[in-house]
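These are notes for a colleague who will look at the model alongside the text.

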Amino acid sequence: MELPIENREITFLLADDHGIVRQGMALTINEIIPNAKIYQTSSLQQIVEEIQAKDIEIAIIDAHFPSGNSLHILPQIKSVNPDIKILIFSGLEEDLYALKYINAGANGYLSKLSEEEEVKKAIQSIVQQGEYLSVVVQNLLVQFANDPNAINPFSILTKRELQIAELYAEGYGNLEIANHLDIKQNTVSTIKKNIFEKLKIENLVELIDLIKTHHKI
């Protein structure tokens, strides 16, 4: 017989670069699951290390850290621990980003603008059902069923931007891309900047990870 949620011993990892966010989430978890074991990290780089070193059952992770987005590490987390449940807790707009993170391996997406009761509901859902689907995400999934491109961030790029993104993923540099496409190198740099802004990424590593997750060359 399964133990009531309040009697379980569940191991959490809270990953957010703001200590006050981690403290608030830890208090909420302890209120629902007093026997929970909670680890914390403020570093994007340490998330996978913590999951490798500890028997983490549920990871609550911010979408964005000063060093980059957590999107690209989600497949790696699932590779290290296929049974882990991941809840993204983020200030990024849910309707724009939730499906992107769920498609990369998250089991739920919770907005930091949510009321306390919704946060508690999300924690209970991720513990009991292994997922959390807000009303916004449910509506997005219905939209995706009708339009699969809704979940693909590359659908917002122009043909030229997509072409250059693919060349970066293949290992080409700015000069090589310019020569390959017979355009100026500063044009490539400008298009690269536009790609990064549209995809909300900051470096080529994130671009390559996005392509691996969402787009087949």
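By class, how many nonpolar, polar and charged residues does the lining of the second largest cavity have?

1. The lining of the second largest cavity has seven nonpolar, no polar and three charged residues, where Ala, Val, Leu, Ile, Met, Phe, Trp, Tyr, Cys and Pro count as nonpolar, Asp, Glu, Lys and Arg as charged, and the others, Gly among them, as polar. A cavity is a set of points, on a 1 Å grid over the protein atoms alone, where a 1.4 Å probe fits but cannot get out, and lining residues have an atom within 4 Å of a point.

2. This is a predicted model, in which local features need pLDDT of at least 70 and side-chain atom pairs count only at pLDDT 80 or more, while totals for chains, interfaces and linings use all residues. Residues are numbered from 1 along each chain as its sequence is written, and side-chain values use heavy atoms, with hydrogens and water left out.

3. The protein chain has ten helices and seven strands, these being DSSP runs numbered from the N terminus (helices H or I, at least four residues; strands E, at least two). Of its 217 residues, 46% are buried, that is, under 20% relative accessible area with a 1.4 Å probe and protein chains only.

4. The second largest cavity holds about 60 Å³ of space, a volume being the space filled by probe spheres set on the grid points, which are joined across faces, edges and corners. Its lining includes Leu 14, Ala 15, Val 21, Met 25, Ile 61 and Asp 62. The elements giving two or more residues to this lining are E1, H1 and E3, and the largest share, three residues, comes from H1.

5. Asp 62, one of those lining residues, sits in the loop between E3 and strand E4 (64–65). Asp 62 counts as buried because its relative accessibility is 5%. Leaving aside residues up to four places away in sequence, Asp 62 touches Ala 15, Asp 16, Asp 17, Ser 70, Phe 89, Ser 90 and Lys 112, with contact meaning heavy atoms within 4.5 Å.

6. Ile 61 also lines the second largest cavity, and is among the residues that touch the most other members of the largest nonpolar core, which has 45 residues. Such a core is a set of buried Ala, Val, Leu, Ile, Met, Phe, Trp, Tyr and Cys residues joined through side-chain atoms within 4.5 Å. A second, separate core of 21 residues includes Ile 58, Ile 60, Ala 122 and Ile 123.

7. Helix H5 (residues 116–128) reaches 18 Å from its first C-alpha to its last, close to the 18 Å expected at 1.5 Å a residue, the expected span being 1.5 Å times one less than the number of residues. Its buried residues, including Ala 122 and Ile 123, pack against E1 (11–15), H1 (19–32), E3 (58–61), E6 (85–90) and E7 (108–111). Gly 130, which follows H5, has a positive phi near 80 degrees.

8. The largest cavity has a volume of about 110 Å³ and is lined by 14 residues, with Asn 69, Leu 71, Lys 100, Tyr 101 and Ile 201 among them and nearest its centre. The elements that give two or more residues to this lining are H4 (94–104) and H10 (204–214), of which H10 gives the most, with four residues.

Terms used: Buried means under 20% relative accessible area, exposed over 50%, partly exposed in between (1.4 Å probe, protein chains only). On a 1 Å grid over the protein atoms alone, a cavity is a set of points where a 1.4 Å probe fits but cannot get out, and a pocket is an open set with protein on both sides within 12 Å along at least five of seven lines; lining residues have an atom within 4 Å of a point.
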